[in-house]
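Thanks for coming. I will go through one model this morning, starting with a sheet and ending with a pair of helices.

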Amino acid sequence: MTATAERLFEGADWDFPKLQRIHDACEKIARSELGLDIYPNQIEVITAEQMLDAYSSVGMPLFYKHWSFGKHFAHHEAFYRKGLMGLAYEIVINSSPCISYLMEENTATMQTLVIAHAAFGHNHFFKNNYLFKQWTDAEGILDYLDFAKNYVAQCDERHGRLAVEHTLDAAHALMSHGIDRYPGKKTLDLRTEEKRAEERRLHEESAFNDLWRTVPTGPIKSPKLLNAERRRKLLGLPQENLLYFLEKTAPRLHPWQRELLRIVRNIAQYFYPQSQTKVMNEGAATYVHYRIITRLHEQGLISDGNFLEFLQSHTNVVFQPDFDDPRFSGFNPYALGFAMMQDIERIVSNPDDEDREWFPDIAGTGDVMAVLRDVWANYRDESFISQFLSPRLMRHLRMFHLHDDPAESAGVRVDAIHDERGYRRVRRELARQHDIGFIDPNIEVVDVDLAGDRRLMLRHAVVKGAQLNEGDTRRVLQHLADLWSYDVSLVEADATDTIFREYVVSPRGFAAVA
Amino acid sequence: MAMHIIDRRLNPGGKSLENRQRFLRRAKALVQGAVKKSSQDRDIKDVLEGGEVSIPLDGMHEPRFRREGGIRDMVLPGNKKFVEGDMLPRSGEGRGKASAPGEGDSEDAFRFVLSRDEFVDLFLDDLELPDLAKRKLAEAESEGRQRAGYTTSGSAANLSVSRTVRLALARRVALRRPRPETIAQLEAELADCDEARRSELLAEIEALKAKVRRIPFIDPIDIRYRRFENVPKPVAQAVMFCLMDVSGSMSEHMKDLAKRFYMLLYVFLTRRYRHVEIIFIRHTDRAEEVDEDTFFHGPASGGTLVSSALEVMHEIVRSRFRPADWNIYAAQASDGDNSTSDSDVVRRLLTEKILPVSQFFAYLEVGEAGGGTFDMPDSSLWRLYERLRADGAQLSMRKVSDRSEIFPVFHDLFQRRRKQEKAAP
């Protein structure tokens, strides 16, 4: 195509036919040149107020009613009105069709950017990343939210707003611990069970060796210990999905309360992959929009002026302030993600010796998109960073690792920097920072005192001496106790069983009577 | 692949309104406290502008399990001069900053903006007016979306399937589009017939099929969308009469008190009625209808004849505000002076003309600054109204001498039909 091709749009104005043309032009590049595999797109144009609405219901187009969303809306609105906060250009929903919201204030260039970013970049990521495939049901999420909304509304009517609110408050407090982190074991049906038993028997027969009989076994377990083991097994303990545990085993919950817990749990689970793939998701989407729009410009479909406008927005998005900059607030996932994607592009197409040494698998293989698509499909932030952060990028961003031990009075130690000795350590630490397993405190249900007062026992596995915030913990435990309707205790202990703190909270009693 | 563009901009707004109301309801006690506090030192007018309030986070807080303290490791960008093994001082300026991002505990207050309506709503929440019997619908103000027939263009979401199909059917009938059954019938006939008939039938079928192709099942001209129109909704209306004695005996302070009293009444009415008219009537020994500025600031002098104001009010009601269409409220402020000879006229005007058509008549007797309300001797007007009330007239009356007393008085005046007012028929 020549540079004289007809432009998709001129100036800043857009209309619906233009959006359609922009989308089609992007789609052509996305499919033929980048080889993206996407859900069908649905693009919705919304106003700033509707964007604020979407903000307060975690970006979803429909959600059940709860005061906390109103609170967030009020909070965002206050900031937005004062001009302290700009609104996102877009929101995209992991659903099929993939819904992208476009703000009406955006210029045509911005709409192009957003369409390329959300409707193709994020869309491809949602459809192909293993975490999303495993944990989310893009086809069903909108229907499920619709069900949830109606169900909560019905509960409001039948059981009273207050009772529903209490239950939801409690469920929200436990939301971060209402997630299955590992794909669960499938319950076997009878036939598979029989088959397995048969296979095991055959294996035992074929591998029979009388000698094994003479191997001494461990000490015989006391009946008490066996009992405890049996009980824990029955209850599925230890269990880190607190909401699941309550839903299934809390003795005095009403069926509708269990359903509410389930709704909150399912929604938390739906968002679980997003929190683990921020860097990759944004990196992929940013890389895609950059490639698509550069290509559009090369083809003469957008003018130089509009391309410059795009570059300016793009640069703002991928800006990474230094740690001592007043604007610094951690790593910008867009910046880090985009830099890594570009870095991979470089390694694949134009590697140097260092890259060949560090990334023998991909260095110089030539097909950038094949490598990137594979990366986007099979990694999450933590594994992505620990595999693909290159020394060159660490040098470029001048990364360093600080180790802050409160016991060390001299101060904070610089543990590693971007040099030969430090690359691997810096990379490992950064990967860890993006590992949700390290970010969320690890709290499990360890036991229930079934013989006694039905106390629910939790344990927080303390890592590196970081304990729970006391005030918040009491409040969350209060919610937990209200749902459990008997006492709840929480022990904070580290791997050596050193106990830091213990909480015991009794229920207030409305959950049961509600 | 099919891509849909949906225009959501025209969707009804306020999707999170219910969430907001839930939030405000939950935070009601806190917000009310904040409103009260922020209104104490300000002018009433500013208070009613609404605006930002801040409430303590307690109770609104959404707790989560979160960790703090312990050994922290972090990777940061932008190293300039550190090498491995450097120790950086923890507190204080400069380099140590990054290591101490003191977890946001300082955020113990939650700030947000209340709209004017919400603010006033909270402010006046437990107040209620006397029976609002009349609710003649007239006078337009607010708007809503209402179905308004069909249109040939619109968004896909508004497609009216039934109307479209109906039009399509009508068109097909009018253009005599062959029915599939007819063709099927002919084709069945085709199966067993002689040669001559056969070619005839074939031609006929061919013609019919061509016609079917020419006349589509649904044509773009059949398509109809539901049309919506923004229509004004009729609302109840009220008129508020502000009567004030502006004779020489009324000081600036007294006028200020009166003004606040009117203002609150006005706010209250605007909340209840979408359309509120205000009529200002000032009087000395003559009364006249004036604009607001003149009402409060225009110079005037003369004696005091309350009946003149009542007379003017009655005249205006008669000519412009038919009691059947308007809710009539009157608020009178005076220092209480009135010539004794006027009493009978006042009594007659009030009981016969004004009170029967008014929803509410309030009399505020304003006193000089510094004088307590209990010290104020009963004025001639006060005594007259007192007597009227004893006879069963629906009058609300209070004495006020200080700015800070207005709120309580106001509250008192509109308290859910308490006290004597309640007993009145």
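**A sheet built from two chains**

Four strands make up an open sheet, in the order E4(B)-E4(A)-E5(A)-E5(B), and the pairing is antiparallel. Please keep in mind that this is a predicted model. Which strands are at the edges? They are E4 and E5 of chain B, each of which pairs on one side only.

Now the two strands from chain A. Strand E4, residues 400–404, and strand E5, residues 412–417, run antiparallel and are joined by 4 bridges. If you want a residue pair to look for, A:His401 has A:Ala416 in E5(A) as its bridge partner.

A helix also packs on this sheet: H19 of chain A, residues 423–433. H19 touches E4 and E5 of chain A, together with E4 of chain B.

Next, the interface as a whole. How many residues of each chain are in contact with the other? For chain B the count is 55, and for chain A it is 76. On the chain B side, several elements supply at least two residues each, among them strand E1 (4–7), strand E4 (72–76) and strand E6 (109–114). Helix H1 (17–26) of chain B is another, and the largest share, 7 residues, comes from H1(B). Sorted by class, the side of chain B that touches chain A has 22 nonpolar, 21 charged and 12 polar residues.

There is a further strand pairing between the chains. Strand E8 of chain A, residues 467–468, pairs with E3(B) in the antiparallel sense, over 2 bridges. Here A:Gln467 stands opposite B:Glu68.

Turning to chain A by itself: it has 514 residues, of which 41% count as buried. Its secondary structure comes to 22 helices and 10 strands. Of the contacts in chain A between residues at least 6 apart in sequence, 72% join residues at least 24 apart.

Last, one helix pair in that chain. Helix H7, residues 161–173, and helix H11, residues 255–276, both of chain A, pack at an angle of about 35° with their axes 10 Å apart. The crossing of H7(A) past H11(A) is right-handed. H7(A) makes the contact through A:Thr167, A:Leu168, A:Ala171 and A:His172, while H11(A) contributes A:Gln257, A:Leu260, A:Leu261 and A:Val264. What classes do these residues fall into? There are 5 nonpolar and 3 polar residues in the contact of H7(A) with H11(A), and no charged ones.

Terms used. Residues numbered from 1 in each chain as written. Chains lettered and ligands numbered in written order. Predicted model: local features only at pLDDT ≥ 70, side-chain atom pairs only at ≥ 80, totals over all residues. Contact = placed C-beta atoms within 7 Å. Nonpolar A, V, L, I, M, F, W, Y, C, P; charged D, E, K, R; others polar. Pairing = 2+ DSSP bridges. Buried ≥ 20, exposed ≤ 12 C-beta atoms within 10 Å, placed from the backbone. Axes fitted to C-alpha atoms, helices over the stretch in contact; angles between N-to-C directions. Left-handed = near helix turned anticlockwise from the far one by under 90°.
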